[in-house]
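Please open the model in your viewer and keep the selection panel at hand. At each stop on this tour you will be told what to select, and then what can be found there.

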Amino acid sequence: MRSLFISLVLLISPVFAQSDTQKAVFDCSSGDMKFVGSRMWLIEQSAKELTEKKIPYEFVLTVHSGCTPLMDQESGEETIEMIQKRLKVLHDTYGLKIEACGIALERFGYEDDDLLPYVSTVKNSITRVIELQNNGYAFIPYH
């Protein structure tokens with residue numbers, strides 16, 4: 001009986017265990033690049049805070065709709081280039097995963113060669129956000 005109880009506790013405990021990792025998906029669809037820039041600054045501030053507190057985190061940025069031009073490495077627009085510099089720091093320093101929506105990329109006419117080298121693509125950012133939320137990621141929209 002005792003071994004049965006211990007077995008049940010061991011099987012059930014992972015279900016109720018809380019992950020110490022703070023997980024968030026930042027969903028960017030806004031075409032207002034000044035707004036987007038301010039939100040990227042907030043992602044960086046959040047990553048800095050968690051790093052200073054030694055709290056593990058996983059951040060994902062999904063990009064679609066009006067935010068898609070951020071993925072164009074040949075943009076030439078000053079505001080977009082400033083955001084791209086911050087995205088590079090977020091990726092390289094803080095481990096931000098940046099995922100561009102394949103549907104949006106196709107709609108805007110971007111090819112893989114047009115994209116920033118540290119960006120991955122997903123087939124559909126909506127289903128990706130659903131997947132991340134179902135895996136415990138907090139949803140933070142930038143619309």
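Select Leu 116 to begin: this residue has a relative accessibility of 7% and therefore counts as buried, where buried means under 20% relative accessible area, exposed means over 50%, and partly exposed lies in between, with a 1.4 Å probe and protein chains only. Leu 116 sits in the loop between helix H4 (102-108) and E4; the names follow DSSP runs, with helices (H or I) of at least four residues and strands (E) of at least two, numbered from the N terminus. If you set aside the neighbours within four places in sequence, the residues in contact with Leu 116 are Leu 70, Met 71, Gln 73 and Gln 84, contact meaning heavy atoms within 4.5 Å.

Before you go on, please keep in mind that this is a predicted model, in which local features need pLDDT of at least 70 and side-chain atom pairs count only at pLDDT 80 or more, whereas totals for chains, interfaces and linings use all residues. Residues are numbered from 1 along each chain as its sequence is written, and side-chain values use heavy atoms, with hydrogens and water left out.

**The whole chain**

Show the whole protein as a cartoon, and you can follow five helices and five strands, which run from the N terminus in the order α-β-α-β-α-β-α-β-α-β. Of the 143 residues in the protein, 37% are buried. Among the contacts between residues at least 6 apart in sequence, 75% join residues that are at least 24 apart.

**The sheet**

Next, select the strands, which form an open sheet of five in the order E4-E3-E2-E1-E5, with parallel pairing; two strands pair if DSSP finds at least two bridges between them. At the edges you will find strand E4 (119-122) and strand E5 (138-142), each of which pairs on one side only. From one strand to the next, the twist averages 25°.

Zoom in on strand E1 (residues 22-28) and strand E2 (residues 57-63), which run parallel and are joined by seven bridges. Here Phe 26 has Leu 61 in E2 as its bridge partner, and Asp 27 stands opposite Thr 62 in E2. Stay with Thr 62 and look towards E3, where its bridge partner is Glu 99; E2 and E3 also run parallel, and four bridges join them.

How many of the seven residues of E2 are buried? Six of them are, so E2 is largely enclosed by the rest of the structure. Strand E3 (residues 97-101) is likewise largely enclosed, because four of its five residues are buried.

**Two helices side by side**

Now select helix H2 (residues 33-52) and helix H3 (residues 78-94), whose axes come within 10 Å and cross at roughly 20°; axes are lines fitted to C-alpha atoms, for helices over the stretch in contact, and angles run from 0 to 180 degrees between N-to-C directions. H2 and H3 are therefore roughly parallel to each other, as angles under 35 degrees count as roughly parallel. Residues of H2 that meet H3 include Met 33, Lys 34, Val 36, Met 40 and Trp 41, while those on the H3 side include Thr 79, Ile 80, Ile 83 and Leu 87.

Turn the view to bring the sheet back, and you will see that H2 lies across E1, E2 and E5, running at about 170° to E2.

Select Thr 79, found in helix H3, which is partly exposed with a relative accessible area of 33%. Not counting residues up to four places away in sequence, Thr 79 touches Met 33 and Lys 34.

**Two loop residues**

For the last stop, select Lys 54 in the loop between H2 and E2, which has a positive phi of about 60° although it is not a glycine. Lys 54 is exposed, with a relative accessible area of 73%. Then move to Ser 65 in the loop between E2 and H3, where phi is positive at about 50°, although this residue is not a glycine either. Ser 65 is partly exposed, with a relative accessible area of 31%.

Note on methods: Parallel < 35°, antiparallel > 145°, perpendicular 65-115°, else oblique.
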